[in-house]
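Dear colleague,

I am passing on the structure below, and my notes on it follow. Please read them with the model open beside you.

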Amino acid sequence: MTNETEKVSLFLNTATKNLALAIQKGKEYYRVDLGDPKKSLERAHLGIDMALSALHLSLKDVKAYYCLLGPGSNTGIRLGLTIPRTIYAFDPTISLYGLGTLELMLLEDEKAVAVLSDRNGNLFLAENKDGKVTERKVPKADIKTLEERTYLVEDKDEKALAALKGKTMKKVDILSLMAKHSSSFKDYSLDEKAFLPKYAFTI
């Protein structure tokens, strides 16, 4: 059992190229990389069990769940949100936190441009404009016309790294950013029905 003053958090990154999860209890932190995105569904529960065991915890000790809302892998995002929503159905005392993937990346450098690639090599970009985060899609054919800026790119996003070769880039690890900026996530605990992927609101 955990000390009541120590919140145990589970960070799930199933949205990007580097699928991973971590358990944090106070200053203790244990990370598990899930490997092949196509097998993340089968591996997610094993990764959670591994992280919990490493910190001598059980699933009932986890009281806060952090997930990415997209953009990213639609299947992965659904997986990441389904895990805490399923647990919430049995234990509504847990907290559900969500944040957009590109919004999270911009927290690392608010003057840069955050970038993610899709399976076809197109890019999703986001930047801060007039105090708001604006997102846009850049087709693969138009990538060469991008202006010179500092681009935030996930360290395992090979398509984005290759597409932006020659540009100023700053590589980031998404899971590490989730833990670092956990206070910036939105609390969906009282609005669980809105704890959905971003694309669900554009259909």
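A contact, as the word is used here, means heavy atoms within 4.5 Å. By that criterion, residues 24 or more positions apart account for 56% of the contacts in the protein with a separation of 6 or more.

This is a predicted model, in which local features need pLDDT of at least 70 and side-chain atom pairs count only at pLDDT 80 or more, while totals for chains, interfaces and linings use all residues. Residues are numbered from 1 along each chain as its sequence is written, and side-chain values use heavy atoms, with hydrogens and water left out.

As to overall form, the C-alpha atoms fill a box of roughly 55 × 30 × 30 Å along the principal axes. The radius of gyration (taken over C-alpha atoms, with a globule rule of 2.2 Å times the number of residues to the power 0.38) is 17 Å, which agrees with the value near 17 Å that a compact globule of 203 residues would have. Of those 203 residues, 48% count as buried, where buried means under 20% relative accessible area with a 1.4 Å probe, protein chains only.

The protein has five helices and eleven strands, these being DSSP runs numbered from the N terminus (helices H or I, at least four residues; strands E, at least two). Six of the strands form an open sheet with mixed pairing, in the order S3-S2-S1-S4-S5-S11, and its edges are S3 and S11 (186–187), each of which pairs on one side only. Two strands are taken to pair if DSSP finds at least two bridges between them.

At one end of that order, S2 (residues 20–25) and S3 (residues 28–33) run antiparallel and are joined by six bridges. Gln24 has Tyr29 as its bridge partner in S3, and Lys25 stands opposite Glu28. Two residues lie between the strands of this hairpin, where Gly26 takes a positive phi near 60°.

Further along the sheet, S4 (residues 64–68) has five of its five residues buried, and both of its faces are covered, with Ala64, Tyr66 and Leu68 on one side and Tyr65 and Cys67 on the other. S4 pairs in the parallel sense with S1 (residues 8–13) over four bridges, and there Leu10 stands opposite Tyr65. S4 also runs parallel to S5 (residues 95–99), to which five bridges join it, and the partner of Ala64 in S5 is Ser95.

With best regards

Technical notes
Buried means under 20% relative accessible area, exposed over 50%, partly exposed in between (1.4 Å probe, protein chains only).
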